[in-house]
Amino acid sequence: ANENWRVDNVRLHRLGTDVSEDVEIFREEDEGLRVGAGLSAQEDWLVIGTGDNETSEVWLVPADNPTGEQTLVKARKKGVEYDVDVRDNTLFIHTNDDHINFRMATAPLANPGEWTTLIEGSDDFYLTDFELFKDFYVTEGRLAGLDQVQLRAYDDADDMTPIRFPEASFVAGLSNNPEYDMQKLRLSYQSMVTPGSVYDYDVKTGALELLKQQEIPSGYDATQYKTERLTITARDGTQVPVSVVMRKDRPAGAGPLHLYAYGAYGYAVPPGFSTSRLSLVDRGYAYAIAHIRGGDDLGRRWYLQGKLNERTNTFEDFVDVA
């Protein structure tokens with residue numbers, strides 16, 4: 001970081017040497033942008049990224065020669081975000097250049113700016129991330145506001161296998177998967193009923209193996225609770241999703257409700273587990289999270305609708321759900 005604690009450079013440090021000997025290999029001159037670096041999936045390229053909340057630019061450097069020639073993937077353009085990984089001299093690019101909910105593209109390493117669509121952008125599916133492995137790649141995103149983890153084949157763009165989760169509302173995603181050759185994927189999962197859990201997903205069989213789950217010292221029986229996912233019509237006709245948790249023995253349609261909602265900065269409030277929430281639920285409350293506009297639960301337009309009209313859209317969503 002510089003004197004203003006802004007990360008604006010990438011340096012090469014050789015183990016066993018003093019930091020004064022570090023070599024700067026990249027510097028960002030625009031003080032509004034931040035810099036980061038990592039390795040490609042096969043660890044043969046150093047990927048240097050620079051950007052802010054709406055614009056990005058990526059450079060590639062051979063990992064075995066980090067002070068060597070740098071390759072610009074595509075010059076920055078205001079409002080265009082993209083991130084890159086490399087597999088066998090092919091670039092995989094996740095970008096919002098022609099769809100607000102992002103698309104996946106590929107490009108030859110020899111011509112990194114020539115992008116060919118691999119997965120079209122979609123109004124329904126919000127493509128948030130991807131990760132490359134030896135025999136398959138994984139895309140993550142949200143469909144109708146629900147987290148998706150999808151296994152995809154390199155040789156067939158239509159060959160997609162979603163990982164199925166049993167509950168109506170949940171939080172799920174890839175966890176730490178450091179190896180390129182993986183036959184079991186590490187996943188994180190929780191819901192308003194299920195405490196934070198770590199699973200292994202067997203790519204061949206589709207089986208989920210629970211490795212660890214958050215312990216509740218005071219005791220907790222998940223079979224006593226249920227979670228639901230509802231949609232409520234806002235006054236302008238928009239369908240707003242709502243995640244709810246309650247005890248199974250709560251009388252249908254009766255009893256108090258605690259409603260929470262937050263819609264700003266594109267933050268999607270996750271329908272995750274909370275021990276403090278149990279005090280209310282055990283006293284007969286239903287606890288609901290309204291996924292109102294202003295977050296990006298249903299994609300970037302969901303966020304922009306709230307951002308462009310914060311005093312009406314998000315407020316109406318909340319009031320109408322209440």
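Phe165 and Phe170 are both buried (under 20% relative accessible area with a 1.4 Å probe, protein chains only; exposed is over 50%, partly exposed in between). The model is predicted, so that local features need pLDDT of at least 70 and side-chain atom pairs count only at pLDDT 80 or more, while totals for chains, interfaces and linings use all residues. Residues are numbered from 1 along each chain as its sequence is written, and side-chain values use heavy atoms, with hydrogens and water left out.

The structure contains 13 aromatic pairs (ring centres of Phe, Tyr or Trp, the last by its six-membered ring, within 6.5 Å; stacked under 30 degrees between planes, edge-to-face over 60, tilted for the rest). The pair of Phe165 and Phe170 is tilted, because the ring centres are 5.2 Å apart and the planes stand at 50°. Tyr189 and Tyr199 make an edge-to-face pair, with 6.2 Å between centres and 80° between planes. This pair joins strand 16 (residues 184–190), which holds Tyr189, to strand 17 (residues 197–202), which holds Tyr199. Tyr189 counts as buried at 5% relative accessibility, as does Tyr199 at 17%. Phe165, Phe170, Tyr189 and Tyr199 belong to one aromatic cluster.

Two arginines lie over ring faces (CZ of Arg, or NZ of Lys, within 6 Å of the ring centre and within 35 degrees of the ring normal). Arg247 is placed over Tyr225 at 5.4 Å from the ring centre, and Arg293 over Trp302 at 5.7 Å.

Across the protein, 47% of the 322 residues are buried. The C-alpha atoms fill a box of roughly 70 × 45 × 45 Å along the principal axes.

Notes: Helices (H or I, at least four residues) and strands (E, at least two) are DSSP runs, numbered from the N terminus.
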